[in-house]
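Morning, everyone. Let's take a quick tour of the cores and the aromatic contacts. Here it is on the screen.

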Amino acid sequence: MEETNETPKPPVPPAEIDFAEADISRRYDDVYEIRRPNAIASVQTTEEYVAFVCENGISLRISGLSNGALRFRYNPNQEFEADFSYALRAELPTLKLPRVQARDTEYLLLFEGLQVVVAKDNLAVRIYDDADQLLLEDAGGYSAKRTIMKGWCDLRIEKQAHAKEVFWGLGDKTCGVNLRGKRYENWCTDSYGFSRESDALYRAIPLYYGLHHAACYGIFLDNSYRSWFDFCKTAEDQVAFGAEGGALNFYFLPGPTPEAVAERYTQLTGTHPLPPLWALGYHQCRWSYYPESQVLDLADTFRRMDIPCDAIYLDIDYMDGYRCFTWNREHFPDPKRLVDQLRARGFETVVMIDPGIKEDENYLVYREGREKGMFIRTPDGDIAKGPVWPGFCAFPDYTNPKVREWWGELYRELYEKQGISGFWNDMNEPAVFHVNHKTLPDQVLHDHDGLRSNHRRAHNIYGMQMSRASWDGLRRIKPEKRPFLLTRATFSGGQRFGALWTGDNFSTWEHLQIANIQCQRLAVSGFSFVGTDIGGFAGELEPELFIRWLQLAVFHPLMRVHSMGQHTAGDVAPAEEAMLTDPDLHRFEQEPWSFGDKYTAMAKKAIELRYCLLPALYTAMWRHAEKGTPVLRHIAWADPAEPRFREQERDFLFGEHLLVSPVIQPKIQRQAVLLPKGNWYYFWTGQAFSGETVVNTMPDQIPFFVREGAVLPVYPVRQWTGQKPIEELTLYVYFKQGREESTLYEDAGEGYEYQDGDYCLQQFSTLGEGKNFRLERKETGKFQVTYKTVKLYLVGFPAFVGACRVNGQEVPIKEIRLRDRSLYTLNVPSDFEVVVWEGK
């Protein structure tokens, strides 16, 4: 252990605190003490951190990581709790300690690329980059309260906000993309019918970005208690955040770009592994499709109408009385036969699993869980129970490793023996049906991986740990398959264990706008595999809204329609007798063909576009899995220095080179778009635009643009992703003066052989010089693609093509004349290396 040369001052024990200066409340159940840092008494350097201890006992530990992140861990005294996190990956960047310099009034900590200044008189922190630009500094700094009932609580820190600083992140919040002027809580909450003003929502993702002077940074608060963030709402020049308990433990994530912040965050918390290709196809869901004859009728209708679809979901009515891991044998007499029949038609089957286990001694899962001690307990030792769909239920304690292993094994019959392809974990905030309390009481007890805690600490990670238990079980049962798991509630790091949908939304234009914002925000908060209930879960859906929502969802990694079907908001348990006797209740209500021929054609076109763009989406998901790059990004990320983009919430970036401008209002015929620097080609016409432009919004098209110089890969339409091998790949190549890089990643779409090199990574480089344009291709990996030819379309070439050479040999080329421009097309071998177009 290394110490500075300064003589340390002994910390003052809590009993000697001057309570007259500590803002003591004399009420028994109110604040007992508020503690803020005073002068630093000692500084120590260990193998893991630099530790500062104030005279009143407040402690701060600062450490650096090899990925450039800094960790700040505050505690009101020197008795830090065990250093444990569910959010972090098992394999973290290595620790890197700074050089520490003691100055007259401060300590200087020199990290690679960053400087941290700590004031001696009050522990105030300032962070600079290596060019001495101030990135972040304390305002009011750290404080903590102590009460008789809760002990140390209400931990908080106040930071200075720059005058024009912009804030992003926090997961699924429903406001505009800039969080400035808002205050939000993180407490996983069943939020049926949420609105623009709703808070809290289903997820707790305590990550935010700050952007000022074209430099970006991030803050990740790794604390699972109820937390809050105040972005200049209480004090217009301050950002404050805190939590109800634990240590104030947060990471500073330097940029300078937003992408760099996102990648550093996922180096800490992980990414969603590369999903099976079918999971990126179109999915159809409703509460509920049954009996099996209706499910097969649904599947046959998709195939008869040639509308692509990869998955059909079964909601809770497939179960026997809402008992998880069971089947209603009246509706589904032979589940494996049904699953096999669906698979023969090209459909994967996804079923729901909730955490609430019905209180029923004749129900094996409940009986086994009770006998083995798998359920959450009250302080008195009783099983904690609450009403959900089956009535009173017990809840597995997923914070216990033994429970997670037991839970994962429960999937074996569904996954291994009956052939279910994917699972949908719902109601896992956890939600209970109670007028005043939507979840379990704070006092119930959790194992917390041996650390023991109550629900105050475990609530926000409950859904995440359910996903973890499910995911790990699926991996053990079928190690050769990539799991597909969809979850509602989660916490930072939960992206390692499943995809997300945004919850129970409404069939309104406002909710279409919210869906657009939420998916962008979730993606930049680490959850790229995200989507919404297309068309809205509840409410009266109009055809135009359905089509515009489908079009938006083409660019959401999870593309799933879901609705309440025949149910109403007042249903706590569906009226099964009515369903069995009234044939009208079994009508299709939110399927692609639900609104007549005109809108069926539009819906089909949107879904077919999704299947055409699958190579771009799959590549983006691979890039996210490998580097942490969000699949969806706010348009401001294209040019953080441009202030006009900072409040923009409609348009967004998708994958490598696409800019999407969805139609999110009714009866819109023309739409103004502000484009980032350079030329952008309108996909539907091939016309190049720059700066501010206006496009016509055709009813059957979503406006989107392709960056100049990009190579956009396109597949032919298939009815499902595994229907047949790809025989020809299409590449749209967009002209640019200068150089641009593009990527196409392909593999088997299933399994893990790609981790051993069985993939095909094609890297394209384009270069425009005057009237000449060059496309180069390099390939790595062992995977053999099925197509032998590639059709190239050259878009935006500024002159007449006089000659075209492929690998040095001149080849014929076809010109397609449009009104004011031409496209050029030719077929080349799939292993081509260089194509050169020469203008006259």
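Start with accessibility: buried means under 20% relative accessible area, exposed over 50%, and partly exposed in between, with a 1.4 Å probe and protein chains only. This is a predicted model, where local features need pLDDT of at least 70, side-chain atom pairs count only at pLDDT 80 or more, and totals for chains, interfaces and linings use all residues. Numbering runs from 1 along each chain as its sequence is written, and side-chain values use heavy atoms, leaving out hydrogens and water.

Rings next. Phe, Tyr and Trp rings (six-membered ring for Trp) pair if their centres lie within 6.5 Å; planes under 30 degrees apart are stacked, over 60 edge-to-face, the rest tilted. The whole structure has 64 aromatic pairs. Take Phe683 and Tyr732: edge-to-face, 6.1 Å centre to centre, 70° between the planes. They sit 49 residues apart in the chain, with Tyr732 in strand β44 (residues 728–734); strands are DSSP E runs of at least two residues, numbered from the N terminus. Why is Tyr732 partly exposed? Because its relative accessibility is 22%.

Now charges over rings: NZ of Lys or CZ of Arg within 6 Å of the ring centre and within 35 degrees of the ring normal. Arg560 lies over Tyr313, 5.1 Å from the ring centre. Arg777 lies over Phe832, at 5.5 Å.

Last, the cores. A nonpolar core joins buried Ala, Val, Leu, Ile, Met, Phe, Trp, Tyr and Cys residues through side-chain atoms within 4.5 Å. The largest has 214 residues, and Trp837 is among those touching the most other members. A second, separate core has 46 residues, including Phe72 and Tyr142. Ring pairs also link Phe72 and Tyr142 into a cluster, with Phe167 among the other members.

Definitions and conventions
Helices (H or I, at least four residues) and strands (E, at least two) are DSSP runs, numbered from the N terminus.
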